[in-house]
Amino acid sequence: MSNPITTWIKSGMETYKDREDWMAERVSENSVNSQKLSDERHGPFKPHNVHQCESRARVNFRPNAAISSLAGSEMGDAGSFRAVRAYQSDFAKRRDEILTDIAKNG
C-alpha cells in the first residue's frame with residue numbers, strides 16, 4: 001500500500017520526456033515568432049517597429065526648446081520632425097558651401 005499523498009504528487013509531476021518535448025515546442029514557437037517579427041520589420045509595406053504600438057490615448061509629447069535662443073523657431077522644438085528637417089536643410093547648405101570652397105580652392 002502506497003501513500004495517497006505521494007501518489008497524488010507523482011501523478012501531477014511531469015516527466016523528463018514531457019519537459020524535453022515542451023522545450024522543443026517552445027524553441028520552434030520562438031523560431032517562428034522571431035521570423036514573423038523579422039518579416040514585419042523588413043516587409044515592403046510596413047514601417048520599422050510596426051509591432052510596437054503606442055498604448056496611450058495621447059502621446060506624451062510636448063515640444064521643448066533645446067536651446068533658449070532657438071525657442072520659437074523650427075529648430076527650437078527638440079525632438080520634432082520640423083527641427084530635424086530644419087537641421088538637415090542647414091547641414092545641406094553647409095555641405096554645399098564646403099564643396100564649392102573645395103572646388104574653388106582645390
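1. Let's start with Arg 94, which is partly exposed in this predicted model. Its relative accessible area comes to 47%. The partner of Arg 94 is Glu 97, and the two form a salt bridge with 3.4 Å between their closest N and O atoms. Glu 97 is likewise partly exposed, at 46% relative accessibility.

2. Where do Arg 94 and Glu 97 lie? Both belong to helix α3, which covers residues 81–105, and they sit 3 residues apart, about one turn of the helix. That spacing is worth a thought: an α-helix has 3.6 residues a turn, so residues three or four places apart point the same way.

3. Arg 95 is partly exposed, with a relative accessible area of 48%. Asp 96 is partly exposed too, at 40%.

4. A word on helix α3 itself. The helix has 25 residues, and from its first C-alpha to its last it reaches 36 Å, close to the 36 Å expected at 1.5 Å a residue. Just after α3 comes Gly 106, which takes a positive phi of about 85 degrees.

5. How many salt bridges does the structure hold? The count is 3. Besides the two described above, Lys 17 and Asp 21 meet through their side chains, at 2.9 Å from N to O. This pair belongs to helix α2, residues 16–42; because Lys 17 and Asp 21 are 4 residues apart there, about one helical turn separates them.

6. Is Lys 17 buried or exposed? With a relative accessible area of 56%, Lys 17 is exposed, since the cut-off for that label is over 50%. Asp 21 has 41% relative accessibility and counts as partly exposed.

7. Finally, please have a look at the nonpolar patch on the surface, formed by Ile 5, Trp 8, Ile 9 and Met 13. Together these residues have about 500 Å² of accessible area. Trp 8 lies in helix α1, residues 4–12, and is exposed, with a relative accessible area of 64%.

How values were computed
Residues numbered from 1 in each chain as written. Predicted model: local features only at pLDDT ≥ 70, side-chain atom pairs only at ≥ 80, totals over all residues. Heavy atoms only, no water. Salt bridge = Lys/Arg side-chain N within 4 Å of Asp/Glu carboxyl O. Helix = DSSP H or I, 4+ residues; strand = E, 2+ residues; numbered from the N terminus. Buried < 20%, exposed > 50% of the residue type's maximum accessible area, 1.4 Å probe, protein only. Expected span 1.5 Å × (residues − 1). Patch = residues over 30% accessible without salt bridge, like charges linked within 9 Å, V, L, I, M, F, W, Y side chains within 5 Å. Areas by Shrake-Rupley, 256 points an atom, 1.4 Å probe, with all protein chains shown as cover.
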